[in-house]
Amino acid sequence: MRKLTIFLCVLALAIPALAQQRAGNIFGKVLDQEGNALPGASVTLTGSLTAPVSTISSAEGNFRFLSLSPSANYALKVELQGFKTLTRPDIIVNIGKNTEISLILEVGALEEEITVTATSPVVETKKTTVTQTVTREVLQSLPTARDPWVILQQAAGVQVDRENVGGSESGQMSGFIARGGGTEIWSVDGVNTEDPSSISSITYYDFDTFEEMNITQGGGDVSVATGGIQVNLVTRRGGNKLNIGGRFYRTDKKFQGDNLTDALKKEGVVGTNVIRAIKDYGFNIGGPLIKDKIWWWASYGVQDIWSNNLYGNKDDTLLQNYAAKVNVQLLPQNRFEAFLHVGGKEKFGRSAGYECPLGYHQLSKYYFGTPIFKVEDEHMFGDSFLLSVKYAFSGGGFQFLPTVDEKFENWLTRDDTAGIYQNGWWNYGADRPTHSARILGNYFNDNLFGLSHEIKFGAEYRNSTGAHYSTAPGNTQRNTNLNYASMDITGDGEPDYVPGIERLGVWRGWKDNNNIKEYTGYLSDTITKGRFNLILGLRYSYMKPEIMAFTMSSVEKNHPAWQKNFSSATADAIAKVLPGLNVPARTGDYKWAFLSPRIGMTYDLSGDGKTIVKLSAAQYGDWMGTGEASYYEPLGLGGWMDFYWRDTNGNRMVDVTELYWTSLTYAPNQVFDASGNLIGNVADNEGVMWGDYDLTNPQAFSSPRYTIDKSVNSPRVQEILLSLEREVIPDLGVALDFSYRKFDNFNWTLPYDPTTGAKTDKNAYTQAGTIPGNMTSYSGKDAAGKPYYLLKAGIPSRFYRIYEQQPDYYRDFMGAELRMTKRLSNKWMLDASFTYQMQKEHYGDNGYVNATNLWARDGLPWGRAMGASSGKINVNVFSRWLFKVSGLYQLPFDFNISGSFNAREGHIILESMQITNYAAPNATNRSTTVDLTAYGTERLPVFYNLNMRLEKVLRAGDIGKVYIMADLFNVLNSSLMNRRYDRYHGTYYPTTGTVSKNATDYKANEVLNPRVVRLGVRFQF
C-alpha cells in the first residue's frame, strides 16, 4: 500500500493534460420536496451514445456520471422506495463542462412514474474558465466559410488576421490572438494536434466531422497548459441508431460581385482575392455494431478551392479529410475509444511570383495526409474514481515541390538578366511527428474533513520532432546570362562582362533534426462548502530540447543534374573539398522547468445556481517548440562553394579545369588542376566564392554560435480574472468579465564575445544625431528633434550571440467583456459579445538595446504582426473594441434565417523612416529605423462585415431532414481596406540631405472580398 501511495504521488507530480477536453460530466443531487438530501437512490443514465449506467446517491444525495460524449439526449431515471420514480429527459452535455442537475422526488409509490422536463443550466458553479462552446447545431446553422478559424473569429474577444469571405481563405490557416497573447493549443478528441515547429494546428479539418468546438480563453485550471487560446474539437461518433449524412456546397464566380471602386483603382489597386469556384462536399455514416456495446462512425470530406490571389495568380487548394472512430462499452463502467483522422492538403501555385511564376505544388508528407491516431481507455470505479489512459500519435509533415520540375531532375538554372528561374526551384520538406502518452485521474469525496472534494491528477509524456530540409536538385545551381562584370580577362585590373560565362553554385542541402521531450504533471482539488467553491492547483512542466543525429549531402553524383552536366572528375574534385556531413546528436543543460500555481473561487450569490461570481488567479508557462534545439547547432554545417565556368571545349559538360575564382584584382584564378587538386587562392575568396565551413578541415564542426545563459526559461503569463455569470431565463445566460494579464520572462539574443563575456547591450549605443523636422518632402512629425542612437566608436562587430532572459521588459493587458448566449429554443438562438481592451508593452530600464524609439513604444499599445502568406503582408493586429453577434430565427413553414455581424477598430499602421548616417561613430552601424509617430497613432478604417443565410428544412417524418440553403457573404459588398503596407517612407541620408524612397510606402495590399453567394444542400438521416 505504501509503495502504491508513493507511485501515485510521483505520478501526479511528475508529468500534462494540455486542456485536451473531449467530454463533459453530469453532477447531480437527489432531494425531497423540502430540499433534504436523499441517500441510497438508484440513478440510471441512458442515451443514444451510452449503455445504461447506474449509481447510488451518496449520504449527501450526490451522484455523478463522468466523461460523457457531448449530446442533447441524455436521460436520468431515479428510483427510491417510498418515492415516485422520476425521469428527466433531454439533458445536455457539452465538452469541458459540468451539467449540474437537481432531482426532486415526490412521496408516493415506486411504481408511480413522473417525467420532469427542464432546461439544462447554462451557468457553471464550480469552474472559473472563460470558455465558449459551439454545438453542431450552431456550427451547421450559421453562414460561415466552414473552417474552425472562422468560428474562432466569432468568439468573444478573439482577433483573426484575415477575413475569410465565402471560403476564399480556407486554404490557408489564420493567425489569431485574444487577451494579449500566449501560445495557442489545438486538440482533437483529446489529442494534442499542435504543430511542434510552427506552433499552430498541424492539419486542416472537415467541418462536418465536428460535434462540438470549445474555445477557452482564460481562467483555466491546471489542465490548461498555456495562457493562449485553447481550441478543443470533438468529432462525431456512432450511436444506437444508424445515421447517414452528407452535404454539397457550391460557390462560383458567376455569383460574385465587384467591389473595386474607382477610388481604389485610382490608388492602383488592381484586384481582390477572387473565387473562381469552390466545391465543398462529403458524407458521414455511423451506428451500432452491437447496440449499447460497440459503435462506429466514419466520414470523408473535400474542399476544392479555386481562387486567384491579389496579383491575379492562381492560388488553388484541395483539402481532403478522412475520419473514423470506434467506441466500445462492454462493461457499463468502462469506455474504450479508437480514433483516426487523416487531413490531406494539396496546394497549387504556392508562393508563385515573378522569379518562379508557377510556384510550388504543396503535398502532405504522407500519401493520404497528416495522420492523427488515438487509443484511450477509461474506467469508472463506483462513481467516485475515474481513471483514463491514452496514447496518441500525430504525424505532421508536408513537402513543397517546384511545379515545373516535380521529379526534381533538372539542373536549377537562373537567368540573371531576366531575373527568372527557368526550369525549377528549390524544394522544402518537413517531418513533424509527436508521440504522447497520458494518465489522468479524478477522485471525488463528498465528505472529507467535512468538505466536498474533487481531486484531479494527471501525467503526460510528449516526444516531438521537427526535421526539415531544403535543397536545389542535386544541391547545385547555375546562373546564366550574367548581368554584371565577373572577372578581368583584359588585364586592366577591372572586371569585364564576359560573354557566355556562367556562375555555378554547390552547397550542402540545408537540414535540421530537432527534438523536444516534455514531462508534465498536475494536481488540483476543488473544495466545496455550501455555495462556495475553492479551486487549488499546481502544475509542473519540464521541457528539454536536443538535436538528433542526421546526415547532410553535398555533391549527389548519381543525380541527373550532375550526371548530365558535370564530368565525374569534376564531381570528385568538388566532393573532396565540400563533402557531406554526418551530424551527431547534441544536447546540453538547456531546459524549461516551470511551476504553474492556480487558485480560483466561485460563489453562488442567489443560492439557486443561476448567479455566480468567479475570481481566479493563474500562472501559465509556454509551449516549447522544436526550434529551441537550434541553439545547440554547431557552426560548419552550412558550406557552399561558387565557381565561374567557362566552357572552353564547348562540350557543355563542366570539366575540372574550367572552373575559376577571382582574386582581389578580379584576375581569373583556376580552382583545380587537371588531377582535381585544389589550387585556387583560398584566403582571397573566403566569403566571396566559398564560406560557412572550414575548407582546410571540411568535416569539422566548431562551437555553436549561441551561448545559452542559465537565466533562459519559459515565458510566463500571469492572470487575474473576475467574472459575474447569470442565467437570466432558461437557456439564456449573460456574463461580464474583467481580466488583467502580465506577459514577461521573454528571452532574447545579443551580440556576444564568448572569450571575454562582453555583449552588445544598451551601453554600447550613443546618440548619433537628432531626427530632423523635415526630410526632403517628409515631415519628422512627432519624432522631430528627438535623438537617434547608433553604436559607439570602437564597439566591434560580434558574430557570436548570447541567448538570455530579457530583463525588465513585459507586456500587460486589461479588458472588460460582456457576453450573452441563448440556446436554440422558442424558435431562436443568439450569441453576442462586446469587448473593450488595452494592451501595452513596457521596456523598463534594461529591456531594450537601441533607445531610439522608446518614446514611441514604451508604455504604449502593442499589437502582434501576423498574417503574411499568399501575397499578403503582415498586419499589426490589435483593436481596442470588438462587437460580434450571430443568431438564428425559425420562420413559419420550416424556413430559417440566420446571420453574423462583426465590427472592430481597424488595424494599426506604423509610420517610420530609416536614417543612414555615413558620419556615424562606428562604421559597422550607420543605419537605424526611427518611428515618426507613436505606436497606435494611425489605424485603418473601422472594419465591419455582415453574412446572411436563408434555409429551408424538408422533413422526412422522424427519419431525417434535408436542408437547402443560400448564403450571402459580405452582404453590404463593402470594399474596406484590410491591409496596407506601413508608412515606411524609405531612407534619409543626413550627410547629403537626400531620400531614397520606398516603393511600397502605404500601398494597398488587401481589400475585403466582394459579395458572393453560396448554394448548398445537406442531409442527415
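Let's start at G219, which sits in the loop between β14 and β15 (230-235). Keep in mind as we go that this is a predicted model. G219 has a relative accessible area of 3%, so it counts as buried. Who is around it? Leaving aside residues up to four places away in sequence, G219 touches T128, T129, S616, Y620, E719 and L721.

Now step back into strand β14 (residues 210-218), where you'll find E212. The E212 side chain does make a polar contact with the side chain of N94, at 2.6 Å. Beyond its sequence neighbours up to four places away, E212 touches P70, V93, N94, I95, T133, V134, T135, N232, L233 and V234.

Side chains of opposite charge can pair when their charged atoms come close. In this model the salt bridges come to 54. One of them joins D280 and R146, with N to O at 2.9 Å. D280 belongs to strand β17 (residues 274-290), while R146 is in the loop between α2 (136-141) and α3 (148-154), so this pair ties together parts that are 134 residues apart in sequence. Are the two ends buried or exposed? D280 counts as buried at 4% relative accessibility, and R146, with a relative accessible area of 2%, is buried as well.

Take R716 and D744, whose side chains meet in a salt bridge at 2.8 Å, N to O. R716 is in strand β43 (residues 716-729) and D744 in strand β44 (residues 732-744), so to speak a link between distant parts of the chain, 28 residues apart. R716 and D744 are both buried. Then there's E725, which forms a salt bridge with R819, the closest N and O atoms being 4.0 Å apart. Because E725 lies in strand β43 and R819 in strand β51 (residues 810-825), this pair ties together parts that are 94 residues apart in sequence. The relative accessible area is 10% for E725, which makes it buried, and R819 is buried too, at 15%.

D161, R162, E169, K872, R979 and E1006 are linked in a network of salt bridges.

Finally, have a look at one of the sheets. Five strands form an open sheet with mixed pairing, in the order β3-β2-β5-β6-β8. Which strands stand at the edges? They are β3 (50-56) and β8 (113-115); each has a single partner strand, so one side of each is left without a neighbour in the sheet. From one strand to the next, the twist averages 20 degrees. At the β3 end, strand β2 (residues 42-47) pairs with β3 in the antiparallel sense over five bridges.

Conventions:
Residues are numbered from 1 along each chain as its sequence is written. This is a predicted model: local features need pLDDT of at least 70, side-chain atom pairs count only at pLDDT 80 or more; totals for chains, interfaces and linings use all residues. Side-chain values use heavy atoms; hydrogens and water are left out. Two strands pair if DSSP finds at least two bridges between them. Helices (H or I, at least four residues) and strands (E, at least two) are DSSP runs, numbered from the N terminus. Axes are lines fitted to C-alpha atoms, for helices over the stretch in contact, and angles run from 0 to 180 degrees between N-to-C directions. Buried means under 20% relative accessible area, exposed over 50%, partly exposed in between (1.4 Å probe, protein chains only). A polar contact is a pair of N or O atoms within 3.5 Å; within protein, one must be able to donate a hydrogen and the other to accept it, and residues adjacent in sequence count only if both atoms are side-chain atoms. Contact means heavy atoms within 4.5 Å.
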